[in-house]
Amino acid sequence: MTNKEIPKDYDHKNEEKWQEKWEEDEIYKFIGDGTKPRYIIDTPPPYPTGLLHMGHILNWAYMDFNARYRREKGMDVLFPQGWDCHGLPTEVKVEETHNIKKNDVTRAEFRDMCTDLTSHNIEVMRGQMRAVGFSQDWSREYITMTPEYRRRTQLSFLKMYNQGLIYQGIHPVNWCPRCETAIAFAEVEYSNNNTFLNYVNFPPADVPEEVLVNVDGNSYVRYDDYSDKADASVPGVLIATTRPELMSACVAVVVHPDDERYNSLLGKYVEVPLSGQKVKIIADEEVDMEYGTGAVMICTFGDKTDVAWVNKHDLDVIEAISEEGILTEAAGRYEGMELQDAKKQTIEDLKSEGYLTKQEEVDQNLGQCWRCKTPIEILVKKQWFVAVTKMIDESKKASNEMHWVPEHMESRLLNWADSMEWDWCISRQRLFATPIPVWYCKDCGKVILPKEEQLPIDPTVDKPLEPCECGCSEFIGEEDVLDTWMDSSISPLSVADWPNPGWENIFPSNIRPQGHDIIRTWAFYTTLRCLALTGLKPFDEIVINGMVFGEDGYKMSKSRGNVTGPEEVIAEYGADSLRLWAANSVPGSDVAFDWKNIKHGYKFIRKFWNAFRFISMHIFDDESEEALKGDIDAIKANLNPMDTWIFAKLNKVNKIVDQAFFDYNYATVINTIEQFIWHDFCDEYIEAVKYRLYNDDIEDTSRIAAKYTLRTVIEDSLKLLAPIAPFFAEEVYQYFANEDSIHNALWPEIDPNLDSTKVEEDGDLVIELIGEVRRFKSASKIPLNVPVANVNVYLNEKTQDLKDVFEFYADDIKSTLKIQDFQIDSGKPEVYEKVIEIEPDMSKIGPSFKKNAGQVIEFIKSTNCDDIARQLEEKGEIAIADGVITEDFLNMKKEIVGASGKKVDILQSEKLGIIVEVIR
Ligand SMILES: [Zn+2]
Ligand SMILES: [Zn+2]
């Protein structure tokens, strides 16, 4: 092969061709027969939005670097891809696209529309992933909406139900009024808002004994039971509340037992303004005496604390809010209003009826739905739960046994586990999701579960195989569906093909890569569920990636206009440049997108290509090809010092890069490779071997050794770079007449014999000397290939050791710099300044000598400049034309000459601590 066949410019448009070839050859296929050590990646299943964004790119690039690295290290890598399909966003999109509401069509029809949309989106995203060169084994793809996956999710439900870890219960749940579904605590986000703290007078209510007896068992007195209205203006207890619209659900007023302001009122009743029920004043140590007035109304349910108090004090429940976030009949005159409107109206009414004493602005930590940002409400619902609180300690222990990267991220999971008060609500009142596999007997209400072999089922369509114990054969199918985290939290089990035979060989996964925003959901739920189902932790290692910000440093968002799509980058600079950008970071840290960085990667690839192209004419020529067929050890025996130096460098780079890949420190990987290729190899080594490639009087063995070195260094460097820039690496590698893909090649061996710090250090000193002289040549506008007569290096006591080094490398130094005579001496060069030209300075001579100036000029021009210089040196002045001239009257051009009398240039190398004398 000759260089003629290698295009002048590297064309990233070839990337597509390689991607197709790799897929055709199935080079990423997981074998799983145990002949190689297995490496299992629990790839995150993204939500199929139909669009891969920069955050995905970063996350998947890390996974792909790792997968490719492990393959090169000889492992059998399982890099699967899943899709987490279910959820509200798809339902909303379908409603928009078809301009319908979900209830306009049958459940089955609606689900079909969701499935179609999801399939389409997955197809698009697969294409995008391929374009970036991600190396998933697509034969192991899983899709959570398929019957196969539903079966796994439902089976996991049955198993945990039978273990007593899933139960149905009436319990307060976080409710999103917009999504009209219960959500888990992990899905509640908190944001700071400004709101008003309203000070409302609850007037005293003197409830007669006989009424209290009658309502025995009730924790409050309904207005209907005792409608005697209190006077709004009589001070009772002042309540400070941010949610006056919930007053109709107030069932008690609570104060701190040590609060002297209210001691005498404990056990007495006050009247709730507007709604009129009479509630008792009770004590609880949880009350914050400093907040508001120190007296709090307990509503069912304003927040989590209300829920705790209602349970603790066995208070009654008033359901004042509906599932749609509308006030119910219990809210009396506010029935049918939306919460915001009801709040406004309540405040107005409190004012006009004389209850409101003052308002002040306060900050409020408001819980909202993580998907739609609607403020959540707390409702009491019959729901299904996973008994998380039973498994906190086990989950924390499993987390401790995992290797967290970066380490500090583990505290997010541990803190979350410690804050857990409620079980995980897993039922959702939606459609596009895995059905809860449960029926209820129509007669006795018993919960009936399907047989395992019956799965997957849709309880609204399918029927139990046997009648109920009570004899009844009619059943009501559960209409609620499962939280999508119930699907995705068994991902490592699905990857292992659980529960089919052999799954134990592929479980736990070696690594779970994921974002830090889903530690308390995905990481926590997976840990807990896999523990429950297998008794094992789900993965050995968990690596957390950062988020991607826009170029302006803000989170990428359409409204900010700072979104850059991966396709934009790939079209202009190729996928490898995008991947090089992603590599320039470490897990756990957020990264800003940066075009400058993309262009830098693009430039590096082209630098590498040009170097390759330049040397290709030597490393692929007949002599080279022939030599490679012969005795490699003989070639190696003829390596010259510079060859040994670059091999030692490469060996060290190999070690650093190997460790950095292992530590997921991709920034170190790419910076180390770049520094090596760009500087050590292209700038130094190639320059230093050129003379051996071109000179006819070089011995064949030396030339062949140089070609062998060039070829080996390029080939090995490609293998180090292949996980990061797979397309470029493949393209170049194929010129080496390799039958196989570089992605089937093994990691270059680290040669312990080459591990010589001394070789490296000595070579670096020589490189520094060469650089010093080369910089001088370039500054003096002497072309690099124009010879210089002499270069003399002067060493002192401290630098005496360099003598051996420079002598050892003398051939390379001389030949690279085109030095005719290279000497190493001690001491300092013998040099002096020599005046070579003297011109009169008219601006000084004119004014001083006036009409005699001509005489002075004549003298200067006619006298030998050596004579003038000597006279000035001796006396400091020369008498002439009734005056004296000094150096000030002359423009003197001097140069430095050496012992031989020839002009010399003196270079001082601070790095080496030496003086270099150059004679041109
Ligand atoms: Zn919502
Ligand atoms: Zn029954």
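Mentor: Start with one term. Two strands count as paired when DSSP finds at least two bridges between them. Keep in mind that this model is predicted.

Trainee: In which sense do E28 and E29 pair?

Mentor: The cut-off is at least two bridges. E28 and E29 have 7 bridges, so they pair. Leu795 stands opposite Ser826 in E29. The sense of the E28 and E29 pairing is parallel.

Trainee: How do E28 and E35 run, parallel or antiparallel?

Mentor: Count the bridges again. E28 is joined to E35 by 5 bridges. Asn790, for instance, has Ile919 in E35 as its bridge partner. The two strands, E28 and E35, run antiparallel.

Trainee: Which residue in E35 is the bridge partner of Asp905?

Mentor: Look at E34 and strand E35, residues 914-919. They run antiparallel and are joined by 5 bridges. In E35, the partner of Asp905 is Val918.

Trainee: In what order do the 4 strands of the open sheet stand?

Mentor: The pairing in this sheet is mixed. From one strand to the next, the twist averages 20°. The order is E29-E28-E35-E34.

Trainee: At about what angle does helix H23 run to E34?

Mentor: Helix H23 spans residues 757-779. It lies across strand E28 (788-795), E34 and E35. Its angle to E34 is about 140°.

Trainee: Which strands does helix H25 lie across?

Mentor: Helix H25 covers residues 810-817. Its direction makes an angle of about 135° with E29. The strands that H25 lies across are E28 and E29.

Trainee: Which residues have the most contacts inside the largest nonpolar core?

Mentor: Nonpolar side chains tend to be buried together in soluble globular proteins. The largest nonpolar core here has 220 residues. Val253 touches, among others, Phe202, Val237, Ile239 and Met297, with residues up to four places away in sequence left out. The residues with the most contacts inside this core are Val253 and Ile298.

Trainee: Where is Pro406?

Mentor: Begin with the peptide bond from Val405 to Pro406. That bond is cis, with omega near -10°. Pro406 is in the loop between strand E17 (403-405) and helix H10 (410-418).

Trainee: What is omega for the bond that joins Trp498 and Pro499?

Mentor: Pro499 lies in the loop between helix H12 (491-495) and strand E24 (509-515). The peptide bond from Trp498 to Pro499 is cis. Its omega is about 0°.

Trainee: How does Asp497 count, with its 17 C-beta neighbours inside 10 Å?

Mentor: Asp497 sits in the loop between H12 and E24. It is not a glycine, yet its phi is positive, about 65°. A residue is buried at 20 or more neighbours and exposed at 12 or fewer. Asp497 has 17, so it counts as partly exposed.

Trainee: Is Ile619 buried or exposed?

Mentor: Ile619 belongs to helix H16, residues 595-619. It touches Ser624, Lys707, Leu710 and Arg711, not counting residues up to four places away in sequence. It has 26 C-beta neighbours inside 10 Å, so Ile619 counts as buried.

Trainee: What separates the C-alpha atoms of His743 and Ile27?

Mentor: His743 is in the loop between helix H22 (726-733) and H23. It is buried, because 22 other C-beta atoms lie within 10 Å. Its contacts include Trp22, Ile27 and Arg68. His743 and Ile27 are 716 residues apart along the chain, but their C-alpha atoms are separated by 7.5 Å.

Key. Residues are numbered from 1 along each chain as its sequence is written. Chains are lettered from A and ligands numbered from 1 in the order in which they are written. This is a predicted model: local features need pLDDT of at least 70, side-chain atom pairs count only at pLDDT 80 or more; totals for chains, interfaces and linings use all residues. Axes are lines fitted to C-alpha atoms, for helices over the stretch in contact, and angles run from 0 to 180 degrees between N-to-C directions. Two residues are in contact if their C-beta atoms, placed from the backbone, lie within 7 Å. A nonpolar core is a set of buried Ala, Val, Leu, Ile, Met, Phe, Trp, Tyr and Cys residues joined through C-beta atoms within 7 Å.
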